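Hi,

Here is the structure for your files. My notes follow below it.

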Number of protein chains: 2
Amino acid sequence: TLQDKLLDGLLAPGFDEESCLSRYQSSLYRKNPLHKPSSYLLSRLRSYEDLHKRCGPYTKSYNRTLEQLKSGHNASSTECKYLVWISFSGLGNRILTLASAFLYAILTNRVLLVDPGKDMADLFCEPFPEKSWLLPTDFSLKDQFNTFDQKSHYSYGNMLKNNILNSSTETLPSHLYLYLAHDYDDQDKLFFCDQDQALLRRVPWLVMKTDNYFVPSLFLIPSFEQELSKLFPQKEAVFHHLGRYLFHPSNHVWGLITRYYQAYLANADERIGIQIRVFDTGSGPSQYVMDQILACTLKEKVLPEVDRSRPIVSPLGKRNLKAVLITSLSSGYFENVRNMYWEHPTVTGEVVGVYQPSHEEFQQTQKHLHNRKAWAEMYLLSLTDVLVTSAWSTFGYVAQGLGGLKPWLLYKPENQTAPDPACRQLMSMEPCFHAPPFYDCKAKTGIDTGTLVPHVRHCEDMSWGLKLVDGHNEL
Amino acid sequence: TLQDKLLDGLLAPGFDEESCLSRYQSSLYRKNPLHKPSSYLLSRLRSYEDLHKRCGPYTKSYNRTLEQLKSGHNASSTECKYLVWISFSGLGNRILTLASAFLYAILTNRVLLVDPGKDMADLFCEPFPEKSWLLPTDFSLKDQFNTFDQKSHYSYGNMLKNNILNSSTETLPSHLYLYLAHDYDDQDKLFFCDQDQALLRRVPWLVMKTDNYFVPSLFLIPSFEQELSKLFPQKEAVFHHLGRYLFHPSNHVWGLITRYYQAYLANADERIGIQIRVFDTGSGPSQYVMDQILACTLKEKVLPEVDRSRPIVSPLGKRNLKAVLITSLSSGYFENVRNMYWEHPTVTGEVVGVYQPSHEEFQQTQKHLHNRKAWAEMYLLSLTDVLVTSAWSTFGYVAQGLGGLKPWLLYKPENQTAPDPACRQLMSMEPCFHAPPFYDCKAKTGIDTGTLVPHVRHCEDMSWGLKLVDGHNEL
Ligand SMILES: Nc1nc2c(ncn2[C@@H]2O[C@H](COP(=O)(O)OP(=O)(O)O)[C@@H](O)[C@H]2O)c(=O)[nH]1
Ligand SMILES: Nc1nc2c(ncn2[C@@H]2O[C@H](COP(=O)(O)OP(=O)(O)O)[C@@H](O)[C@H]2O)c(=O)[nH]1
């Protein structure tokens, strides 16, 4: 139905279908979603789309605001304000930060523009009607993007540190850099304080570089609180909705996804995703990781046990077919699981097929096909019925978020040993913010931001991280 | 139906089903066979079974004949005569020679006994009712088997050479070795002459070592001619019938076959087998082999072409699912084909899944699981609808023969170059005899044995080899 096709109204109708087949076809591959977007979110998305149409690249307003930037004048009130997102880090990280930036743009009535980096345009469709979200290549500050880092003099944090700015400053520059990557410092983190937000509000161009899903901390900023609770009555669905709204695989990637799905997954009665991300040095497979995967999946009955004593088990009733989709940089875990179900029958008589789309051996952030495959694999994982993910991995967060799944999380192994228990089910499908601030903006002291409100909690996979949960979710 | 279950009467009813599930289940996996065994073959199989029951291991007759062997007496007329087959060479070779030996046993009213070697008992069920086909481990000559080679003094060929035997010899030993491996010499090859067969007929114990499918040359022995044409009115179905009669995968192997089939092949609309055997030194994959595989399969429309210019092709009508089963010692060819169909759509919109059960990297003739997998893979190839095989490989011959398939044969590459044409369809499903004799037993001169009768021809993959074809088959 049209309702399904537009993901319960999340998507605007009227896009050209051919140029982005995934946009209106994704509902054919996803289960009927459990999580419906609020009507307020829908209306805010529609008004964002209007804003983007009015202020997007090469519109009159854009040109005017750009003039101000070029002339080097100080900030003055403009019709449109912008948030420029810089491509940074692995693809999972980029997807999460882009969703965070988009939410921040909605909350602050900014227009989101995306630095396409090497391959954003190759990976994703345009999410907004009529006007592109890609930053024009002739954008004047573009040359400075690669000099922009933690130490950059023009970052908001460093300008505060050097007393070039403070919250009572009258004249503000027409642009500011926000450095929100994992190694940002205390001044950079003041971004998450209301008084700083008041200042930032007056700057027409904000440029943001981050590798973190900072949404949980937006929920702790008082001035955003009410709006956020109207937008997301279900807290754990923030990325689920924003991700499905923003990230439509390009036709190239959609080809990878749909061909793989049809060839290997479509005929199964149940689909199981296992995302294996090992942050160890050294190329896998490692026995302790393998042990952990089996300990988790067998104990939690994600996968059926095998019978090593009998060559064949006759099934009772219909033979259930399970397809296990494994993603990993190496192929060893896949081979191990596949051989196990080839060499031995399951105790239940179920039939288990095991699949791994690619084994790229190492992370190659700059190769086109490599990132297409990485994106296709995250998406394919999101189409499974039961998901197992690895601690700390944004790759897994994207899959769980898009799929609306609460995965079994493989705890991070320490000292090359499989942890016990091997895994647990997550309390929410939200990604974890890995480097949140621990600061009380009013009291100007440190504080544990994971205990302030019931819906912002510490993550299961990273004790200092923060994630959104719903009230009824138990840690 | 029962008719199907017994493969048109090829199999005897009444075996215990549990101990060998494949025997009566194989018909569930094979298409209705095109090739029916003759009723004469069926009656000869039943009378062979009676003979085996009467003369098999530890029967009175067996014990008596064994006495004669132990006492070292010369040959005298015995109730039962035996053909002992020695395990030798790769598994494909073993299967072909065992079928050859069985046919020779039928033609000469001998009882076939199988030296189990390292793993024959692990790989195959007993083919004959009640009495085992395995040579008892206490068989008196067993210790000599591993000393038995081309130079062995007690081989028939060497005894002729050394004038210990000739066709007019009156007293014969109670046993003789027949050395019929690829490097056998002119005297050994006299095995294929009628006057020598007359002598051999009087020896109670024949022990045979071979790595060749010597059936085609049996068809050139005048005294066997009539019987063979009654047994096999369809000449190209000799191995097809004998193979399906003799070789029932053990439950361990049947588990491998059925699990793989159900997990990966059962749901496809069409199954395609590609057997890649590279006899080059050096571990693959080689570009010229890859080129040849694609040249053959695409040109002969075994596999659909891909469209490299478009990311997605919408299918016309129902989406056909093809499963491609690749077997090879290395994984490179598989990865290449699989990625091709992942990265690009087919021009027809068909969906192609590509599978490889194992990649063992090198031949390991002595490992149990290794040979189980090799046997499972030959069998799985035989369950495909369209088959592509590699020149010179007995592994491929077994698959085509059991499956009743005329495969596309990949010609042997020379000088590391893909041949042109890359392949051709075989004129018959029969295996090729790689080292046939070229001798006219009457005229005692050399002769081209591939031109004597219409049904024994040179092979497509080996110009000096011989194979059976039917009259209407065209070279
Ligand atoms: N194709 C593929 N690439 C992977 C996989 N795991 C990691 N990568 C690559 O490594 C990058 C990891 O960065 P990111 O996506 O940010 O995930 P994270 O490092 O796990 O948080 C991915 O973008 C891929 O390029 C995998 O399972 N499959
Ligand atoms: N599993 C597996 N083993 C193979 C394959 N190709 C060769 N082998 C191994 O190598 C041996 C080759 O010997 P054989 O079966 O006589 O076939 P041939 O050498 O091709 O005539 C097999 O028995 C296997 O042990 C393959 O595709 N799969």
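Trp408(A) stands opposite Gln425(A) in β10(A). The model is predicted: local features need pLDDT of at least 70, side-chain atom pairs count only at pLDDT 80 or more, and totals for chains, interfaces and linings use all residues. Residues are numbered from 1 along each chain as its sequence is written, chains are lettered from A and ligands numbered from 1 in the order written, and side-chain values use heavy atoms, without hydrogens and water.

Strand β9 of chain A (residues 408-410) is joined to β10(A) by three bridges, and the two run antiparallel. Strands are DSSP runs of E, at least two residues; helices are runs of H or I, at least four; both are numbered from the N terminus. Strands pair if DSSP finds at least two bridges between them.

Helix α13 (residues 287-299) of chain A packs on the sheet. It touches β5 (270-275), β8 (386-390), β9 and β10 of chain A. Contact means heavy atoms within 4.5 Å. The direction of α13 makes about 160° with that of β9(A). Axes are lines fitted to C-alpha atoms, for helices over the stretch in contact; angles run from 0 to 180 degrees between N-to-C directions.

Now the whole sheet. It is open, with six strands in the order β7-β6-β5-β8-β9-β10 (chain A) and mixed pairing. β7 (351-355) and β10 (423-425) of chain A are at the edges with a single partner strand each, so one side of each has no neighbour in the sheet.

Last, the interface. 100% of the interface residues of chain A are also interface residues in chain B, so the copies meet through the same surface.

Best wishes
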